[in-house]
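Visitor: I'd like to learn how to read the disulfides here. Can you walk me through them?

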Amino acid sequence: MTEIFKFVSTVMLGVALVACGSRAVEPSGVELPVYRIYDGSRCAAPTEFSDIVNAAATRQVRSLFLASASPEEIVMNVSELPAQQYLEAAFYLSCGEYARGELSKTGFSQQRKIYQALRLEHLSRGIQQWRESADGYELPGKICHFIHNNGEPDVRDVTRLVPIGTSIDDCAMYAIRNGGTHVLLGCSAGRWDNRWAQRPVQASPNGWANRQRSTTGTRYVPEPNCDWN
């Protein structure tokens, strides 16, 4: 009987660990929970979540998540992109549904791809606006140096000023979708008065390759930081 009890306990523990590895919820006191999804990524609510969760723009993003078209087709048909905080609020709701078992992994993955495509469109349009701006050279803000050959000299390597709401994962995803391998994060005071992180971030399809770790206070972000997260 003891051996059977041990066996059943081991099986139940294994099941629990698998579940926690894919849908664990990290409580954060009285604040909204932070979800840990299947690849280790953290999913947290935006600061103003309670104020925008029921906003029309959030509902619009939620409806886009349910569209049957490809992420690329969805982005092409959105003339005015919802602001990033509404993307975050909508995706946080999806993370909660996945964590509670209300949304399949396949369904969640599809919604995540649409969310990522919308964020990358924000990044692409922001870079294009900066390039077309007559005073773009003067502007301060976040900068990304996109690296194409694991740090070896490559004519494709470029530095771009990116929108203030751009995340580390956004730049990493942008790099890998354009044939890159790494991103070096920086902060500019304008006129290319730049300070850089000590080490580049390795890119992966979902952002920084190390999904289990935060870059806060590491050599992967500039110091002082200009709100890279």
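Guide: Let's start with one link. The torsion about the S-S bond of cysteine 43 and cysteine 95 is about 95°, so this disulfide (a pair of cysteine sulfur atoms within 2.5 Å) is right-handed. Cysteine 43 sits in strand 3 (residues 42-43) and cysteine 95 in helix 5 (residues 84-99), distant parts of the chain 52 residues apart. Helices (H or I, at least four residues) and strands (E, at least two) are DSSP runs, numbered from the N terminus.

Visitor: What should I know about the model itself?

Guide: It's a predicted model: local features need pLDDT of at least 70, side-chain atom pairs count only at pLDDT 80 or more, and totals for chains, interfaces and linings use all residues. Residues are numbered from 1 along each chain as its sequence is written, and side-chain values use heavy atoms, leaving out hydrogens and water.

Visitor: How many disulfides does a search of the whole structure find?

Guide: In general, a disulfide is a covalent bond between the sulfur atoms of two cysteines. Searching the whole structure turns up three.

Visitor: Is the link of cysteine 187 and cysteine 226 right-handed or left-handed?

Guide: Left-handed, with -90° about the S-S bond. Cysteine 187 lies in strand 6 (residues 182-188) and cysteine 226 in the segment after strand 9 (207-208), so the pair ties together parts 39 residues apart in sequence.

Visitor: And is cysteine 226 buried or exposed?

Guide: Cysteine 226 has a relative accessible area of 18%, so it counts as buried (under 20% relative accessible area; exposed is over 50%, partly exposed in between, with a 1.4 Å probe and protein chains only).
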